Structures are given as structure tokens and as C-alpha cells.
Amino acid sequence: MPLYVETLISADIDRIWQATQSLELHQRWDLRFGRITALGSGRLRYSTLGISGTAIASGDRHAADGTRTSALRFGSTHPLSPIRSGAGYWRYLPTPAGTRFLTSYDYRPRLLPRRLMWWATAWSFDRLRLWLETGVSPERLLRRALGEVAVRASAVVAAGCALPLWAALTVLIAALLWPPLPGTPAARRCVRHHHRHRPERQEPPCPRSSSARSAPASTASTLSSSAASASDSTQERPASAPA
């Protein structure tokens, strides 16, 4: 069943397109990929947890209303690859408050739990949002996140050594549930879904929150419609970033 993640970024759609479609920029903010390189003819090579795979762009579509869509198929034959194969798309929808940036994709896993994949995608989307809205680099945002985790872990360890059990457990729960700082990437700020989707036209505008809402149509139908629209409104790119 397709995964769905969405965020609202207070940035121009062209900036988001560049940050996501440029392979060099994409690998800086997306936690799921360590390295992405172009192979030519719309193909590219990526690495996930150090294991490489290949992908091919299905095409990009620029609609008259300013909406953009980028589709991709990906997979790996390596026996240790966390993903066997998959397909998905990115959508960019301009709004008065910024750009709704969303993805829907599905894949056949080997070793990578789907819940972990949801988290990595949502965390990366919020990292991208903070980068474009505040100018703080993705590398610095990662250091902030690791530093915050270290502080929380240290507080739990100190509480376990110095406080009664009930107090130490209270500190542990607080460390797990307390919201991240505003300048630290957090998956919980994005809309995430893993249930059956309804058509996108029924979906209301998206605030930057975790309130429930419906996702776009399934990956398979979107990819097929992208392929079918290979006309003057659709143009193949030499290489596009993985979904």
C-alpha cells in the first residue's frame, strides 16, 4: 500500500524544484540516500545504507495551473539491499502560503521496515523545509538533531543514576514525547499516511500539521497518467532524483 508524506514550504516552487531535482542538492537533505549519481539516458545510481541501486525517471509534467509532477521507478538486485523495487512520484502545488510538496510511493522491502521508511521520508521533508525557509544548511540541521538526541539521552542517563525509578521513568517519557525544538527537523510536522488513498481532488488544502487527511491517487495510477501525458506538457529529464 503506497506511503504518503506531505509538507508546506514557505518558498517559491522553483527553489523547491531545484533543491529536489538536482542530484547534488537532493543527496544533501534526503536521509534515505547517501549518494546519487547520474548514469545518463534518464538513469541514475543511488545508495541506501551503503547498498547501491538504480532508478529511471518516468518523466516530468508541468500543468497549466503551475502544478508539477516528477515520477520515478527504482530498485536493486543486491541481496543486502533494503529495497527490492518500487515506484513513486513527487508533486509540487503552489498555494498562497507557499508550496505543498508531497510524495506517494510504494516499494517491495527486503530489510527496511515500512514504518522506518515513513519516518525517514517525513524527517527529510522537514529538513528540506527548514533549509529553504531559514537558510540553515542540511548538514548543520543534522548536527542539531544529533545534538538534541544526545542531550535527551544524557538527561535520561543522569536521571537513571540519580533519581528514584518513578522519576527516572518520568524523565524518559518526557525525553521521548517532548517536541523537538523549532529549528530541529521533526517527522511529526509532516502529514503522513499509510492507508488507502482517495482521489486528490477531494483533498483540502494542507496546513503544516499532523492532522489526518486523504492522500493523492495511488502511485500506479499517477505513474500511468504521467506516462500517458507524454505530450507537449510532459518532457523527459536527463536524470531526476529518487522519490
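Author: What follows is a set of questions about the terms used for this chain, each answered from a value and a definition.

Author: This is a predicted model, in which local features need pLDDT of at least 70 and side-chain atom pairs count only at pLDDT 80 or more, while totals for chains, interfaces and linings use all residues. Residues are numbered from 1 along each chain as its sequence is written, and side-chain values use heavy atoms, with hydrogens and water left out.

Reader: What makes up the secondary structure of the chain, and how many of its residues are buried in percentage terms?

Author: The chain has six helices and nine strands, where helices (H or I, at least four residues) and strands (E, at least two) are DSSP runs numbered from the N terminus. Of the 243 residues, 49% are buried, a term that means under 20% relative accessible area, with exposed being over 50% and partly exposed in between (1.4 Å probe, protein chains only).

Reader: Why is strand 1 called mostly covered?

Author: Strand 1 spans residues 3-9, and seven of its seven residues are buried. In a regular strand the side chains alternate between the two faces of the sheet. Here Leu3, Val5, Thr7 and Ile9 are buried on one side, and Tyr4, Glu6 and Leu8 are buried on the other, so both faces of strand 1 are covered.

Reader: How do you know that strand 1 and strand 7 pair?

Author: Two strands pair if DSSP finds at least two bridges between them, and strand 1 has seven bridges with strand 7 (residues 98-109), in the antiparallel sense. Within this pairing, Tyr4 stands opposite Ser104 of strand 7.

Reader: Why is Ser41 called exposed, and what is its phi?

Author: The relative accessibility of Ser41 is 75%, and Ser41 therefore counts as exposed. Ser41 lies in the loop between strand 2 (35-40) and strand 3 (43-48), and its phi is near 55 degrees, a positive value in a residue other than glycine. Most residues other than glycine have a negative phi.

Reader: Why are helix 4 and helix 5 called roughly antiparallel?

Author: The axes of helix 4 (residues 138-162) and helix 5 (residues 165-177) come within 8 Å and cross at roughly 170 degrees. Axes are lines fitted to C-alpha atoms, for helices over the stretch in contact, and angles run from 0 to 180 degrees between N-to-C directions. Angles under 35 degrees count as roughly parallel, over 145 as roughly antiparallel, 65 to 115 as roughly perpendicular and the rest as oblique, so helix 4 and helix 5 are roughly antiparallel to each other.

Reader: Which residues make the contact of helix 4 with helix 5?

Author: With contact meaning heavy atoms within 4.5 Å, Arg152, Ala155, Val156, Ala159 and Gly160 of helix 4 meet Ala168, Val171, Leu172, Ala174 and Ala175 of helix 5. By class, eight are nonpolar, one is polar and one is charged, where Ala, Val, Leu, Ile, Met, Phe, Trp, Tyr, Cys and Pro count as nonpolar, Asp, Glu, Lys and Arg as charged, and the others, Gly among them, as polar.

Reader: What makes helix 3 oblique to helix 4?

Author: Helix 3 and helix 4 pack at an angle of about 120 degrees, with their axes 9 Å apart, and that angle makes helix 3 oblique to helix 4. Trp123, Arg127, Leu130 and Trp131 in helix 3 meet Pro138, Glu139, Leu141, Leu142 and Ala145 in helix 4, a contact that divides into seven nonpolar, no polar and two charged residues.
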